[in-house]
Amino acid sequence: DRIRIMSQCNDSNVLELVQVEDGKVDSEITRNMPEVEAIMAKLQEILQEDDRIKDEDHEPVTVGIISPFRGQVELIKKALMQLYPDAVLRRHKIEVGTAHTFQGDERDIMMLSWAVANNSFNQSLTFLQIPNLFNVAITRAKKKQIIFLSKDPKTLPPGLLRDYIEYVQTYIARN
C-alpha cells in the first residue's frame with residue numbers, strides 16, 4: 001500500500017524530454033556518458049531549486065533515476081558518488097537502478113536514461129520493448145518525469161519507446 005500513482009494533475013509541467021545531442025553509447029557496453037552528464041546537470045538544478053524552499057513543513061524532493069541497462073546504472077551511480085555527499089543522497093532518497101529496482105516504489109521526480117543513441121546496438125532497442133519492464137519504468141513518478149534520449153525520436157524503430165516518446169512530445173506541445 002505504499003505506492004501512490006499520479007492519476008490526476010493540474011500542473012502541465014509533469015513531463016520533460018531532454019534531447020542529448022552528442023549522446024553515444026560505448027562500443028563494449030550500453031553506457032552513454034553524455035546522457036549521464038545531462039542527468040547530473042538536471043539533478044543539480046532540481047536540488048538547488050528544492051534548497052530554495054524555506055517552508056519549515058517542506059519535505060525534500062525525492063529523486064529516482066532509471067535506466068534499462070546495468071552499464072548505464074553503474075555509470076550514473078559512479079557520477080553521483082563523485083558529485084554528492086551521502087547526506088544529500090539520503091535526504092533526497094536518490095536511488096539509481098533498473099526497472100526491477102523500483103518495482104513497487106516511486107519518487108517525486110523520476111529521470112529515465114534510455115541510453116539510446118544513433119550508434120546503439122539493435123539488441124538494445126529490442127530490449128526496450130519488454131512491456132512489463134517498460135511499464136514499471138514509466139510509472140514511478142509521483143510529480144514529474146524527465147526523459148533523456150540521445151537519438152532523434154523519428155528514427156526510433158516502431159514499438160513502445162517510440163510510441164511513448166511521441167506521446168510525450170504531443171503532451172508537451174499541447175501544454
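Q19 touches L149, K151, D152 and P153, leaving out residues up to four places away in sequence; contact here means heavy atoms within 4.5 Å. Q19 is found in strand 1, residues 15-19. The C-alpha atoms of Q19 and S150 are separated by 5.8 Å, although the two residues are 131 residues apart along the chain. This is a predicted model, in which local features need pLDDT of at least 70 and side-chain atom pairs count only at pLDDT 80 or more, while totals for chains, interfaces and linings use all residues. Residues are numbered from 1 along each chain as its sequence is written, and side-chain values use heavy atoms, with hydrogens and water left out.

**Terms for exposure and elements**

- Buried means under 20% relative accessible area, exposed means over 50%, and partly exposed lies in between (1.4 Å probe, protein chains only).
- Helices (H or I, at least four residues) and strands (E, at least two) are DSSP runs, numbered from the N terminus.
- Q19, at 30% relative accessibility, counts as partly exposed.

- An open sheet of 5 strands has the order 1-5-4-2-3, with parallel pairing; two strands pair if DSSP finds at least two bridges between them.
- Strand 1 and strand 3 are the edge strands, each pairing on one side only.
- Neighbouring strands of this sheet are turned by 15 degrees against each other on average, direction ignored.
- Strand 4 and strand 5 run parallel and are joined by 7 bridges.
- R107 stands opposite A141, which is in strand 5.
- Helix 1 packs on the sheet and touches strand 1, strand 2, strand 4 and strand 5; the direction of helix 1 makes about 160 degrees with that of strand 4.
- Helix 6 also packs on the sheet, touching strand 1, strand 4 and strand 5, and its direction makes about 115 degrees with that of strand 1.
- For these angles, axes are lines fitted to C-alpha atoms, for helices over the stretch in contact, and angles run from 0 to 180 degrees between N-to-C directions.

**Nonpolar cores**

- The largest nonpolar core has 25 residues, and L80 and M111 have the most contacts inside it.
- Such a core is a set of buried Ala, Val, Leu, Ile, Met, Phe, Trp, Tyr and Cys residues joined through side-chain atoms within 4.5 Å.
- At least two residues of this core come from each of helix 1 (33-51), strand 2 (63-66), helix 2 (70-83), helix 3 (86-91), strand 4 (107-117) and strand 5 (141-150).
- Helix 1 gives the most to this core, with 6 residues.
- L80 is in contact with M40, L43, I65, L89, I94 and V96, leaving aside its neighbours within four places in sequence.
- A second, separate core of 24 residues includes L17, F69, M110 and L112.

**Salt bridges**

- The count comes to 8 salt bridges, a salt bridge being a side-chain nitrogen of Lys or Arg within 4 Å of a carboxyl oxygen of Asp or Glu.
- K42 forms a salt bridge with E16, and their closest N and O atoms are 2.6 Å apart.
- This pair links distant parts of the chain, with K42 in helix 1 and E16 in strand 1, 26 residues apart.
- K42 and E16 are both buried.
- A network of salt bridges links E16, K42, E45 and K144.
- E95 forms a salt bridge with R107, with the closest N and O atoms 3.9 Å apart.
- E95 lies in strand 3 and R107 in strand 4, so this pair ties together parts that are 12 residues apart in sequence.
- E95 counts as partly exposed at 31% relative accessibility, whereas R107 counts as buried at 8%.
- E166 forms a salt bridge with R162, the closest N and O atoms being 3.0 Å apart.
- Both E166 and R162 lie in helix 6 (residues 160-174), 4 residues apart, about one turn of the helix.
- E166 is partly exposed at 34% relative accessibility, and R162 is partly exposed at 23%.

- L133, F134, V136 and A137 are the buried residues of helix 5 (residues 131-138).
- Seen down the axis of helix 5, these buried residues fall within an arc of 160 degrees, so they line one face of the helix; the arc is that of the directions from the helix axis to the C-beta atoms.
- P131 and N132 are exposed on the other side of helix 5.
- T98 lies in the loop between strand 3 (95-97) and strand 4, and T98 is buried, with a relative accessible area of 7%.
- T98 is in contact with I66, S67, P68, R70 and V73, leaving aside its neighbours within four places in sequence.
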